[in-house]
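Please keep the sequence and the structure in view while reading.

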Amino acid sequence: MRLQLAPRQKRGAETGPNPTDRGKKGSKHHLVTDRKGRPLVVLLSAANVHDKKKDLPLFDAILPVRTGRRGRPRNRPKKAHGDKGYDFADIRSGLRARRITPRIAQRGIESSQRLGRHRWVVERTLGWLHNMKRLRMREERRADLHLALLQLGCSVILFRELARRL
């Protein structure tokens, strides 16, 4: 009788071979933040899933925010900043169809130095999330549990921001 799991059963759903880490199985966190680095929405995918496949579903998952003004609440940002990894025609057209202005660096044309002013905000938020031990390395086999912990981590970041303001 075998008590250990087979290697293919170790990590569960939403894991895949990481192309940058010698093919070890892992997950990737996709995140949209506002200008201040507060997380708006977060998704989970396997490590071998390209970022462009989760870009438009991220923007579709943003919930509307009530501002107290009359009319329909805006549920999408006006602009979206991205690095050269998101420079694809279908992403640009998908963002325009959602009335979002794409600010994506073009491969081979623009320098990535100018984009660093906006990208560090997302990287900082991912750093805040990965400072929480359970999110740094995925130990849960079930993807829904890891996603719940990821959303809880985003809630902690938002709570800390609120507590800092008071």
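How many bridges join β1 to strand β2? Two bridges join them, and the strands run antiparallel.

## Basis of the report

The model is predicted: local features need pLDDT of at least 70, side-chain atom pairs count only at pLDDT 80 or more, and totals for chains, interfaces and linings use all residues. Residues are numbered from 1 along each chain as its sequence is written, and side-chain values use heavy atoms, with hydrogens and water left out.

## The sheet

Three strands make up an open sheet in the order β1-β2-β3, with antiparallel pairing. Here strands (E, at least two residues) and helices (H or I, at least four) are DSSP runs, numbered from the N terminus; two strands pair if DSSP finds at least two bridges between them. At the edges lie β1 (16-17) and β3 (39-46), each of which pairs on one side only.

Strand β2 comprises residues 25-33. Within β2, G26 is the bridge partner of G16.

## Helices on the sheet

Helix α5 (residues 143-165) packs on the sheet, where it touches β2 and β3, and its direction makes about 155° with that of β3. Helix α1 (residues 52-60) lies across β2 and β3 and runs at about 145° to β3. Such angles, from 0 to 180 degrees, are taken between N-to-C directions of axes, which are lines fitted to C-alpha atoms, for helices over the stretch in contact.

L43 belongs to strand β3. Neighbours within four places in sequence aside, L43 is in contact (heavy atoms within 4.5 Å) with K28, H29, H30, K54, P57, L58, L147 and L150. L31 is 12 residues from L43 in sequence, and their C-alpha atoms are 6.6 Å apart.

## Salt bridges

The structure holds 11 salt bridges, each being a side-chain nitrogen of Lys or Arg within 4 Å of a carboxyl oxygen of Asp or Glu. One of them joins the side chains of D34 and R38, at 2.7 Å from N to O.

Another links R164 with E161, whose closest N and O atoms are 2.9 Å apart. Because R164 and E161 are three residues apart in helix α5, about one helical turn separates them.

## A charged lining

The residues lining the second largest pocket are R72, P73, R74, N75, R76, R98 and R99. A lining residue has an atom within 4 Å of a point of the pocket, an open set on a 1 Å grid over the protein atoms alone, where a 1.4 Å probe fits, with protein on both sides within 12 Å along at least five of seven lines. Five of the lining residues are charged (Asp, Glu, Lys and Arg), one is nonpolar (Ala, Val, Leu, Ile, Met, Phe, Trp, Tyr, Cys and Pro) and one is polar (the others, Gly among them).
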